[in-house]
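Please look over the sequence and the structure shown below before reading on. The report is written for a reader who is meeting them for the first time.

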Amino acid sequence: MENPADRKYTKEHEWIKIDGDIATVGITDYAQHALTDIVFVELPEVGKQVEKDKQLCVLESVKSVTDVFAPLSGEVVEANSKLEAQPEKLNNSPFNAWIAKIKIKDKSEVEQLIEAKEYTEYVDSLEH
Amino acid sequence: MYLFDVGQKTALFEEHQRLGAKIVDFAGWEMPVYYSTPLKEHLAVRGKAGLFDVSHMGEIFVTGKEALKLIQLLVTRDCSKLRDGGMALGVMCNEAGGIIDDLIVYRFSEEKYLIVVNAGTMQNDLNWIEKHAAGMDCAIENKSGKTAKLDLQGPNAEKILQKLTEFKLSGIERYNFVEASIAGIESIVSRSGYTGEDGFELYFAEEKAVELWNALLEAGKKFELQPCGLASRDTLRLECCMALYGHELSEKKSPLQSGYGWAVDFEKEEFIGKKALEKQKADGFGGKLIAFEMVERAIARDGCKIFVEGKESGIVTSGSFSPSLKKNIGLGYIGAEFSEPGQGIEVEVRGNKFKAKVVKRPFYRRE
């Protein structure tokens with residue numbers, strides 16, 4: 001699956017779509033593949049203040065429990081509650097299944113995110 | 001001990017890599033955890049068929065005039081009832097009634113038995129067996145390194161295996177075995193497994209592993225046979241409430257508390273741990289193994305605490321999403337007074353308590 005160029009990425013395998021001061025966050029195809037079947041999502045509460053590189057939410061596959069780290073600091077303004085009933089959406093369409101929307105606190109953090117091309121090269125380097 | 005830092009590999013390691021398996025360390029062995037995904041492999045075994053490389057497990061042969069005497073001393077179950085070609089699941093206990101290992105005893109004849117044990121406990125088991133065999137008229141032969149073991153499990157297992165043998169497999173009843181040629185390879189074939197489905201466990205010479213593995217995958221193509229890793233093996237056994245050593249079972253647990261009461265034959269004259277277990281039976285024992293299902297949204301995992309009415313009362317030993325039931329399930333130990341099905345409990349996951357309830361074992365039984 002190609003990494004869409006309309007958004008930014010982290011080396012923690014998250015994608016971030018920036019719209020004004022709102023960042024929509026999800027996990028990449030590489031991430032869902034590595035996690036295998038996601039069967040449980042513990043979403044962040046709306047209103048929660050998250051810090052860059054600290055826990056945003058928890059994803060559980062059949063065999064593992066994985067923290068997803070916030071790619072940016074800010075306030076969680078929305079969480080995708082549909083994922084609670086259908087966590088498999090994260091496997092089936094990772095680039096549509098967003099997890100949370102964060103109101104960006106510090107715009108300079110956006111500059112630390114990487115472009116699709118650089119992320120794709122990074123993933124390729126992991127696979128070889 | 002630098003040389004032993006690298007995990008041991010089964011004869012099929014390169015085949016697993018070729019199939020794109022994700023490899024993990026398990027009990028010192030580099031084993032496939034999944035090839036496709038754990039969920040797909042689990043459902044393949046329930047619906048079609050799955051093939052597992054479990055060559056890491058231990059095979060110990062006991063032969064001689066006093067072979068049965070030794071086995072009767074070591075194993076809590078009465079193995080004198082076995083006929084040739086019969087097998088029994090059971091446990092081996094220490095003097096205090098703690099479980100040294102869970103195992104399978106295969107009887108070839110009155111003077112020849114095979115004991116199949118877990119990989120992680122094999123050396124310890126062997127030491128224990130040899131210690132008690134001293135002075136007895138019997139020989140112990142550890143064939144663990146030289147024996148490959150493949151488990152072919154699922155509703156299509158018989159159809160697949162039948163393509164590779166002249167032996168009429170429908171004649172083998174559950175928990176019985178034969179010695180037969182499979183794809184030209186001399187094998188021990190038992191109708192048994194660790195998944196709750198119909199299926200076979202195959203034991204044969206390690207150097208034939210690649211040949212038989214590929215013959216089975218080829219014969220299984222028409223029957224949607226899926227190579228399966230340890231992840232699905234774990235969720236399959238969990239749904240059937242089959243205990244796993246290191247999780248439900250340990251030297252700190254007795255068969256009476258861990259759901260193995262049926263494997264303790266008190267009528268048997270003597271076996272190691274008998275006195276301690278008789279005392280437990282009379283006086284009661286601490287925690288008891290329960291199966292539970294989550295009522296609130298959370299997955300319990302090994303080590304999570306169990307609460308009853310706010311008071312810490314037990315611990316989870318295995319927990320997962322159940323692919324067959326689409327529920328979150330688990331096994332754990334709890335005070336015996338709270339172990340009846342229907343009992344409400346709470347399980348602590350990441351600092352929060354979630355409602356769950358004790359249910360009847362097993363979660364899953366094949367129709």
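## The barrel in chain B

The model described here is a predicted one. In chain B, six strands close into a barrel in the order E14-E17-E16-E15-E18-E19, and their pairing is antiparallel. From one strand to the next, the twist averages 45 degrees. Helix H7 of chain B, residues 230-239, packs on this sheet, where it touches E16 and strand E17 (327-335) of chain B, and its direction makes about 120 degrees with that of E16(B). Strands of a sheet pair through backbone hydrogen bonds, in either the parallel or the antiparallel sense.

Several of these pairings can be followed residue by residue. Strand E14 of chain B (residues 287-294) is joined by four bridges to strand E19 of chain B (residues 352-359), and the two run antiparallel; Met294(B) has Ala356(B) as its bridge partner in E19(B). E19(B) also pairs with strand E18 of chain B (residues 344-349), in the antiparallel sense and over six bridges, and here Glu346(B) has Lys355(B) as its bridge partner in E19(B). The hairpin of E18(B) and E19(B) has two residues between the strands, and in this hairpin Arg350(B) takes a positive phi near 45 degrees. Strand E15 (residues 305-308) and strand E16 (residues 311-322), both of chain B, pair in the antiparallel sense over four bridges, with Lys305(B) standing opposite Ile315(B) in E16(B).

Helix H3 of chain B, residues 67-74, packs with helix H4 of chain B, residues 122-133, at an angle of about 125 degrees, and their axes are 10 Å apart. H3(B) and H4(B) are therefore oblique to each other, and H3(B) passes H4(B) in a right-handed crossing.

On the side of H3(B), Leu70(B), Leu73(B) and Leu74(B) take part in the contact, and they meet Trp128(B), Ile129(B), His132(B) and Ala133(B) in H4(B). Sorted by class, the contact of H3(B) with H4(B) has six nonpolar residues, one polar residue and no charged residues.

## Two buried residues

Thr36(A) lies in the loop between helix H1 (29-35) and strand E4 (38-42) of chain A. Because its relative accessibility is 5%, Thr36(A) counts as buried. Apart from neighbours within four places in sequence, Thr36(A) is in contact with Ser61(A) and Asn91(A), and also with Tyr34(B), Thr37(B) and Pro38(B).

Ala88(B) has its place in strand E5 of chain B, residues 86-93, and with a relative accessible area of 8% Ala88(B) is buried as well. Not counting residues up to four places away in sequence, Ala88(B) touches Arg77(B), Leu82(B), Leu103(B), Ile104(B) and Val105(B). Ala88(B) and Asp78(B) are ten residues apart along the chain, and their C-alpha atoms are separated by 9.1 Å.

## Backbone details

Most residues other than glycine have a negative phi, and most peptide bonds are trans. Ala27(B), in the loop between strand E1 (22-26) and strand E2 (29-34) of chain B, has a positive phi near 50 degrees, and at 40% relative accessibility Ala27(B) counts as partly exposed. Tyr175(B), found in the loop between helix H5 (157-162) and strand E10 (177-182) of chain B, has a positive phi near 60 degrees; its relative accessible area is 30%, so Tyr175(B) is partly exposed.

The peptide bond from Arg361(B) to Pro362(B) is cis, with omega near -10 degrees, and Pro362(B) lies in the segment after E19 of chain B.

Conventions: Residues are numbered from 1 along each chain as its sequence is written. Chains are lettered from A and ligands numbered from 1 in the order in which they are written. This is a predicted model: local features need pLDDT of at least 70, side-chain atom pairs count only at pLDDT 80 or more; totals for chains, interfaces and linings use all residues. Side-chain values use heavy atoms; hydrogens and water are left out. Two strands pair if DSSP finds at least two bridges between them. Axes are lines fitted to C-alpha atoms, for helices over the stretch in contact, and angles run from 0 to 180 degrees between N-to-C directions. Angles under 35 degrees count as roughly parallel, over 145 as roughly antiparallel, 65 to 115 as roughly perpendicular and the rest as oblique. A crossing is left-handed if the near helix is turned anticlockwise from the far one by less than a right angle, and right-handed if clockwise. Contact means heavy atoms within 4.5 Å. Ala, Val, Leu, Ile, Met, Phe, Trp, Tyr, Cys and Pro count as nonpolar, Asp, Glu, Lys and Arg as charged, and the others, Gly among them, as polar. Buried means under 20% relative accessible area, exposed over 50%, partly exposed in between (1.4 Å probe, protein chains only).
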